[in-house]
Structure formats: structure tokens, C-alpha cells
Amino acid sequence: MMRSGFKAEVWRCLAVVAACALIGLFCGRTAVGIALGCAGYLLWLFTRIYQLEKWINLTRRNGTPQQDLPGLWADVSYDIQRLINRHDKEKARLQGIVQRVQEMTAALTDAVILVDRKGNMEWWNQAAERLFGFRKVDAGHKLTNVIRHPNFVQYFEQKIYASPLQISLWQTDQHLEFQIHTYGEGARVIIARDITRLIKLEQIRKDFVANVSHELRTPLTVIRGYLETLAESPQLPVAWQKIVQQMEQQTQRITLLSNDLITLAKLETDQKEAPKAIAVAPLIDSIMADAKAVSGGHHELRSQGDEDLALLGSERELRSAISNLVVNAINYSPNGGLIEVIYGRDKDGAAITVRDQGIGIDPKHIPRLTERFYRVDPSRSVASGGTGLGLAIVKHVLLRHNAELVITSKLGKGSEFSCRFPASTVTYTPFSDA
Ligand code: ADP
């Protein structure tokens, strides 16, 4: 629908042109009259446009409309005013959001840093200033020029942020955790946390467990010694024989448990030994010889693989991991079951796989098997002499060798525990020609 101001303007234009045309007609110059009418109206139009332009400028400067314009120009100025009001409201709303986000990020104890797709710093919160000492002049600079820790630079550049990065700063005895997320077109948000307290608490926990287990060793040795003597004593009344035997078994369990706890604590806290080339074939042969004793001849034990395969790492740790897997295979296989250890190179590096045809594991348990004290069937595990820490030890050993444990199993059919070593850990025995 045509608005009244616009209609009036059309009529005004027609009236002016018609009047001039009439005057022109009386003077015998109709065309000149129309031309003059159009020119006059155009002049009047320019004056109004000039006024409107002045009005917009004044309104923009002062925030409120300055004067009322006539006719069509009142409509136009009204529309413009409405647009300005809407824009102001939107601006105020967005400013409110920005303000709230700034207040929220300022209240965060985690450092938040935004970088553009080139890795230049765009914005950061106060926690980032406190943690890294950023200054205003750092804006626009590459983040990796300001946080130069080599591990951080590598993590930041490689652009794979599936898991967080932990860094220890020995100068300040601080531990930091970085998590990076990408957003928009390649921009990144970096969240950094000071996890020094957490790491220290974790250390206290590990030391405590290791110390308790260590302190238990001497009293346990004494108790076991006395129990052995008692058990062998001919004066022991028959009624006591079963009790002493059970006491011996339980002390044996506590000893195994404390040994496993000490092993785990060492794996978690001890510095890695300088890696040595460990020939895999003789290591497996010796583990299989021990396993025969554990099985007591009740299982068929086989091993085969690359004779010249060697791995860089710690022989003591690898022996402990593979032994745990083989002993588990024995414990969870019925008599007569076949247990195989297969080792060799593959396209990713190398693998040592322990395969059995035992009771198998329901797939729903597999993701949790390497947790401490996680057991599929607690009564069976205890009966087999398991401590519930075997696979946790395997996982830690493999972590220290940059390797991973892949478990596949079918309930009632058997299981396969495969230790996958990266190519960087794989080497040849000193005696091979390769
Ligand atoms: P445990 O000392 O109880 O054997 P582990 O950490 O070695 O503890 O193993 C955790 C659990 O995983 C075991 O309790 C058992 O239920 C299951 N498991 C481990 N190895 C096997 C296997 N070869 N076959 C079937 N189940 C297994």
C-alpha cells in the first residue's frame, strides 16, 4: 500500500508540473512550461534531500531526532530512526554478551587464549596474563614466540589435539596442562591449567602406596617364615594343619599383591632406563620355560617368530609384561588348552601376541580390563592367585615403550593380547646381518 507521504509527494509533483504546463499553454510554450515545472520540482527535491542528509548527520551525532521533516521525508526519517533504534538495541545486546563473556573468562582460573588461523594471539584472559606474563604488546604476535616450550610448540604445530598435553617446567617446579580446540576457519582456543597441586597429590598417593607395600615386605617375610616352620613341625596338631595352610596361602597372596603394587609404583614414578636392544626370541624362550613350571604340564605352550627381532627398552619391564600375559593365559585356560606366543615385525613396527583358547572375555569388559583390580569374575581371579593388577602392569610397561595393548576375545573361544610396538622401538639383534 502506498504511504500517505509518498502519495502527497506524487500529487505535489503532478500539481507543479501541471500548473507550469498550464502557464506554458497560455504563453504558447507548453513544453517550456513542463520543463520549468520539472526543473523547479527537482530543485525542491534536492533541497529536501539536503535537509534529510543534515537530519541524519545531526541525529547520528546527538542520538535523538533533531527536527521534524515534512511529507515523504517525515516517513523516510521515521524509517531511518526505527532502523537506528533497532541497531542500537542489537549493539547494546551484543555489548552485554561480550561484557558477560569477558567477566566470565576473567573469573576463570584456567588461562584462555584465542589465536587466529596463522597462530597469532588475538585475545586472552587475566589468568593467561598471570600464568604466562602476557602483555598488551603481545597481541598479534605468534603464540609460539611467547610460549616457547619445545613440547608445546610441537603439540601446537602438529594440529592433532585429541588428548591434552602436560608440561613440567623445572625452573618454576610447575606442571601445566594444555588443551586446544579449533573453531571457525582454523582459529584455535587454547585452555591452560596449572595442575601442579594435582600432580603433587598424585605423587603423594604413589609414594604412599609404594612405601606401605615396601614396609609390608619385612613383616610378611617373617610371618611366612614362621608359618612354613609351623607347617613342617610334626608337633602341629591335626586340627591346626588346615588353618596354618590357609594362613600360608593368604600371606602368599598379600606378598604377591605388595610385590605387584611396588612394581606398579616403580613403573609410574621411576625414570625410564636408558633403552637397550633386547633380543625378543631368547626373552620369550625364557618366559615360556617359567610358564611351563606355572602350568605344571597342564597346557600346550608354543612360541614362534622373527628370530632376529629386537626391541629397544627395558628387559626387566618387558619380561614382567609378557610373563603376566602368559600366566593369565594359563590361569584362564582349561587343562590341555593351547597357548601361543607369536612375535614379529609388521607394517606399523612389531608385535608380541599371546593367544589362548581359554574362557574368553565378554567384549563389554575389554575397555576396563587394564584398570587396577578390575576383574571379570572376581572369585575365579582370586582362586587362580591373581592380584587384579597384572594387566595394569602390562599397560604401564607398554606406555613406557610407546607401545599399546590390543585385546580381542570371544567368550568361550579364547583371547588374544597383542603388544604393538612402534617402528621407532624396533631394531635387530646385534648378531643379525640386517
Ligand atoms: P588378575 O590378577 O585378576 O588376573 P589381571 O589384571 O591380570 O588380573 O586381569 C584382569 C582380568 O582380566 C582378570 O580378572 C580376568 O577376568 C581377565 N583376563 C585377563 N587375561 C585373561 C585371559 N587370557 N582370558 C580370559 N580372561 C582374562
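## Close-up views

**View 1. Cys13 is found in helix 1, residues 4-26.** Helices here are DSSP runs of H or I of at least four residues, strands are E runs of at least two, and both are numbered from the N terminus. The model is predicted: local features need pLDDT of at least 70 and side-chain atom pairs count only at pLDDT 80 or more, whereas totals for chains, interfaces and linings use all residues. Residue numbers start from 1 along each chain as its sequence is written. Cys13 counts as partly exposed because it has 16 C-beta neighbours inside 10 Å (buried: 20 or more other C-beta atoms within 10 Å; exposed: 12 or fewer; partly exposed: in between; C-beta atoms are placed from the backbone). Leu45 lies 32 residues from Cys13 along the chain, and their C-alpha atoms are separated by 9.7 Å.

View 2. Gly28, with a positive phi near 75°, follows helix 1.

**View 3. Helix 1 packs with helix 3, residues 71-107.** The angle between them is about 150° and their axes are 7 Å apart (axes are lines fitted to C-alpha atoms over the stretch in contact; angles run from 0 to 180 degrees between N-to-C directions). The two helices are therefore roughly antiparallel (angles over 145 degrees). Gly5, Phe6, Ala8 and Glu9 of helix 1 make the contact with Gly71, Leu72, Ala74 and Asp75 of helix 3 (contact: C-beta atoms, placed from the backbone, within 7 Å).

**View 4. Helix 8, residues 238-269, contains buried residues.** The buried residues in helix 8 are Ser258, Asp260, Leu261, Thr263, Leu264, Ala265 and Leu267. Their cover includes helix 7 (196-232), helix 10 (315-331) and helix 12 (390-400).

**View 5. The protein as a whole has 12 helices and 13 strands.** Its C-alpha trace spans about 150 × 45 × 45 Å along the principal axes. The radius of gyration is 41 Å, whereas a compact globule of 434 residues would have one near 22 Å (taken over C-alpha atoms; globule rule: 2.2 Å times the number of residues to the power 0.38). Of the 434 residues, 21% count as buried. Among contacts between residues at least 6 apart in sequence, 55% join residues at least 24 apart.

Terms used: Contact = placed C-beta atoms within 7 Å. Expected span 1.5 Å × (residues − 1). Parallel < 35°, antiparallel > 145°, perpendicular 65-115°, else oblique.
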